[in-house]
Amino acid sequence: MEGNIIYSSFQSISNELDEYNNMAEALLTKAKEHAQSGKGDWITCALTGESYDFSSFDDLTRRIGSSLYKRGLRKGDIVIFMTVDIVKQPMFITGVWRANGIGRASYPEDDAETLLARAFESRCGWIYCETAQASLCLSVAEQIYWDVEVIVASREPVEGCTTIYELMEDDGSEIPKLNLGLDETALIMCTSGTTGMSKAK
């Protein structure tokens, strides 16, 4: 495993992260430290003004993780995310990690065939998407012989879907013990699409 690790040129950051068992633990600890030191907002959407602060990170990711756990997410289960919502996506993925799940990226412009192939390959039970992709995701979910829940990054209800805000309203009571090790898969990313259409197929 050691030979497969690429270390950051910012060695002080790399050394600091070595004390954690996984990224979720590191993020939660750092968010708590920032909140205790008086730091406020950690992420804001310039378009909508939606903002979250460091002090809410632990609570909201706990609520999301608990809600997903209640919905059946267990260690090693994969959740596909295909949203560009930069303010809630980090909380959602951390919530997946807190339920000991795995996030898998898919692009918002992916077609039904690509998404269906990823869903089957991953045996995913959840797809997190933008409202604009909800109908596509629902049509993909209907073609799968196990239950797939579609979660949308929206405050407004979308028929047949759960909203991210519904997950955030969970009481956080059923969060499992964080049990991800350094040798386990936590995130599956697509290849870059910076030079045109996404190359993940």
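Me: When two helices pack against each other, what hand does a crossing have, and is that of α2 and α3 left-handed or right-handed?
Reply: A crossing is called left-handed if the near helix is turned anticlockwise from the far one by less than a right angle, and right-handed if the turn is clockwise. In this predicted model, the axes of α2 and helix α3 (residues 54-70) come within 7 Å and cross at roughly 145 degrees. Judged by that rule, the crossing of α2 and α3 is left-handed.

Me: How far apart are the end C-alpha atoms of helix α2, and what span should its residues give?
Reply: Helix α2 covers residues 23-36, which makes 14 residues, and at 1.5 Å a residue these should span 20 Å. The model agrees with that expectation, because the end C-alpha atoms of α2 are separated by 20 Å.

Me: Which residues of α2 are buried, and what phi does the glycine just after α2 take?
Reply: A residue counts as buried when its relative accessible area is under 20%, and in α2 the buried residues are Ala24, Ala26, Leu28 and Ala31. Just after this helix comes glycine 38, whose phi is positive, at about 95 degrees.

Me: How many residues apart in sequence are the parts that lysine 70 and aspartate 171 tie together?
Reply: Side chains of opposite charge can pair when their charged atoms come close. Lysine 70 forms a salt bridge with aspartate 171, and their closest N and O atoms are 2.9 Å apart. Lysine 70 belongs to helix α3 and aspartate 171 to the loop between α7 (164-168) and β8 (187-188), so the pair ties together parts whose separation in sequence is 101 residues.

Me: Is lysine 70 buried or partly exposed, and what is the relative accessible area of aspartate 171?
Reply: Lysine 70 has a relative accessible area of 36%, so it is partly exposed. Aspartate 171 counts as exposed, because its relative accessible area is 54%.

Me: Where in the chain does the partner of arginine 71 in its salt bridge lie?
Reply: The side chains of arginine 71 and glutamate 149 meet in a salt bridge, with 2.9 Å from N to O. Arginine 71 sits in the loop between α3 and β3 (78-82), and 78 residues separate it from glutamate 149 in the chain. Arginine 71 is partly exposed at 33% relative accessible area, whereas glutamate 149 is buried at 19%. The place of glutamate 149 is strand β6 (residues 149-152).

Me: Are arginine 118 and aspartate 110 buried or exposed?
Reply: The side chains of arginine 118 and aspartate 110 meet in a salt bridge, with 2.5 Å from N to O. Arginine 118 is also listed among the buried residues of α5, and in this pair both residues are buried.

Me: How many salt bridges does the structure hold?
Reply: Beyond the pairs already named, Glu50, Asp85, Lys88 and Arg155 are linked in a network of salt bridges. For the structure, the number of salt bridges is 12.

Me: Which elements do the buried residues of α5 pack against?
Reply: The buried residues of α5 are Thr114, Leu115, Leu116, Arg118, Ala119 and Ser122. They pack against β3, β4, β5 and α6 (134-142).

Terms used
Residues numbered from 1 in each chain as written. Predicted model: local features only at pLDDT ≥ 70, side-chain atom pairs only at ≥ 80, totals over all residues. Heavy atoms only, no water. Helix = DSSP H or I, 4+ residues; strand = E, 2+ residues; numbered from the N terminus. Expected span 1.5 Å × (residues − 1). Buried < 20%, exposed > 50% of the residue type's maximum accessible area, 1.4 Å probe, protein only. Axes fitted to C-alpha atoms, helices over the stretch in contact; angles between N-to-C directions. Salt bridge = Lys/Arg side-chain N within 4 Å of Asp/Glu carboxyl O. Contact = heavy atoms within 4.5 Å.
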